[in-house]
Amino acid sequence: MVMRILTNIARFVASIIAASILVFVVLRLVPGDPAQIALGVDASPALLEAKRAEFGTDRPVLVQYFDWASGLPFGDFGTSYLSRQDISPMVLDKVQVSLILVLLAMILALVIAIPFGTFAAVRHNKVSGAVVSAVSQLGIAIPGFLAGLLLVIFFALKLGWFPSNGWTAPGVDFGEFLSRVALPVVALASVQAAILTRYVRSAVLEVMSEDYLRTARAKGLSPMKALFKHGLRNAAIPVITVTSVQLAALIIGAVVIERVFVIPGLGSMLLDAVGNRDMLTVQSVVMVLVGITLAINLIVDLLYTVVDPRIRKSA
Amino acid sequence: MTTSSITELRAKRSRRRNTNMLIGSVLVSLVVLAAVLSFIWTPYNPYEQFFAEKHQGSSLSHLMGTDRLGRDVFSNILYGARITLLVGLVAVGIALLVGTPLGILAGMKRGATEEVTMRFADILLAFPALLMAIMFAAVYGPGTVSAMVAIGIGSIPGFARIARSGTLQVMSTEYVQAARASSQPALRVAWRHVMPNIVGMVVVQSSVTFALAVLAEAALSFLGLGTQPPTASWGRMLQESQQYISINPMLVVWPGLAIAVAVMGFNLLGDGLRDRFDPKLNGERS
């Protein structure tokens, strides 16, 4: 088991390194020179030279990579070429906002998906089960940002229940935070809830055809009792896998949602940086997003090793 | 289980498969029809502006009303179908042509080749299509071409994984082992034995990826990083309508509906095809 945990961690580190190389290579293919972008087209060669030295872009690419990558484990991303500010404190600030959004949305999605998915599985040959399946199919087809716009039209503009955009940190004014976070979280969660409902449904259906469930019935448990006592725990494993994959999707979904609701998270930071061609910031935010995704994968792998006796023994 | 109940079950399965396939095909056909129609006829020139007629509701002369510049929304929706299909086709094409051979290679060669290919796919998996597209937009500037290519690259791992697991299954069958024992060249084995067996899975993956590509393009254009004005794209229409949302909410509804129809169409088509191609799945799995 220790061996397995170590392998997982080693694989995580290797993936992070590979990802950082990929990010660096893709974003350094940029035709533009950061010094030129900062100073404008009319800058004199001498000025440009000085600026390149200041940015460190006059050094060999490999040196630049190691300079950037060696800071990553310590959360040091360097200084933005554009604002000349340290990137790390900004990232730290914004990542909290995005994580609050993502986690709340995932919790809401699971709270919706688990009961509805189970219901759809138990009633799979009844009309009510088919209705749940059809609604989830519709939910998948409506991207989060579209759901967000529709929510704004209805709940913010028509009914006036919630503000249509903006952000307040939970520590500043919790009530205000709740009213501002409600619509973006529902928008983010709706798609995920639809996707997860389908997975919960198929996981429960699979379990329902298992022999041990028939045995449980044979020893006298009611269908519901058999399912809750023996079935759901087994159905949980594939659902956990999908949840981790979807968590990564949510992080990217939040990028778009933040734009809809004007929320100052990582997504807004990334898009602003793309708009300004502030490449080092783009590079760093992308790396944070990818790092979070890989970290989630690692945590799930470790959880399996600890939770599932079959995996634990095989190592 | 008695024979009659099995027959009953089979009938039920095929009914379900047909509903998925049927609805999916109808919705996809609608999108294709819209795109084809846009080449032949649209009620108005989608880019022509009639300021006097801006922000109109639905009427006989403007089926879906007009936007902030007085452009006919219905004509723009028809034109937008072109971009949607183009992006989907190119992105799926790239992912299919790169991912499938990689997956087959990994499944046939095993060993180091497999390890390297699949690790590569794993790392690419941490870069969802949309993130890849945002990176490309940062480097090459926003546009339809960089969006298509990026979404395609982001979708490679899905095809590689499907193709590899399919190949692994086929490789253990006796007829493939016989073919290899009779020292047939690997390429011939791949073409004659592996491909026909995984083509179903690949088609299903294509349909599902198509839906994801449509979603990614819409999100990207909504962010202003995809299709650029004035070219009509559903995601860009949403972006433009965001600031007029209180005056004319229907400007959100129409392109939103178009996106939902396309995504649902390709998803349902994928579900229907999966039930048809994969005998192991019982039509219950969604």
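Guide: α9(B) contributes the most to the lining of the largest cavity, with 4 residues; helices here are DSSP runs of H or I with at least four residues, numbered from the N terminus. This is a predicted model, in which local features need pLDDT of at least 70 and side-chain atom pairs count only at pLDDT 80 or more, while totals for chains, interfaces and linings use all residues. Residues are numbered from 1 along each chain as its sequence is written, chains are lettered from A and ligands numbered from 1 in the order in which they are written, and side-chain values use heavy atoms, leaving out hydrogens and water.

A cavity is a set of points, on a 1 Å grid over the protein atoms alone, where a 1.4 Å probe fits but cannot get out, and lining residues have an atom within 4 Å of a point; points are joined across faces, edges and corners, and the volume is the space filled by probe spheres set on them. There are 14 lining residues, and Asp67(B), Arg71(B), Met237(B), Glu240(B) and Leu251(B) are the closest to the centre. Two or more residues each come from α2 (73-109), α9 (234-242) and α10 (250-277) of chain B. The lining divides into 6 nonpolar, 3 polar and 5 charged residues, where Asp, Glu, Lys and Arg count as charged, Ala, Val, Leu, Ile, Met, Phe, Trp, Tyr, Cys and Pro as nonpolar, and the others, Gly among them, as polar.

As for confidence, chain B has a mean pLDDT of 86, on the predictor's per-residue scale from 0 to 100.

Conventions
1 Å grid on protein atoms, 1.4 Å probe; cavity = no way out; pocket = protein on both sides within 12 Å on 5 of 7 lines; lining within 4 Å.
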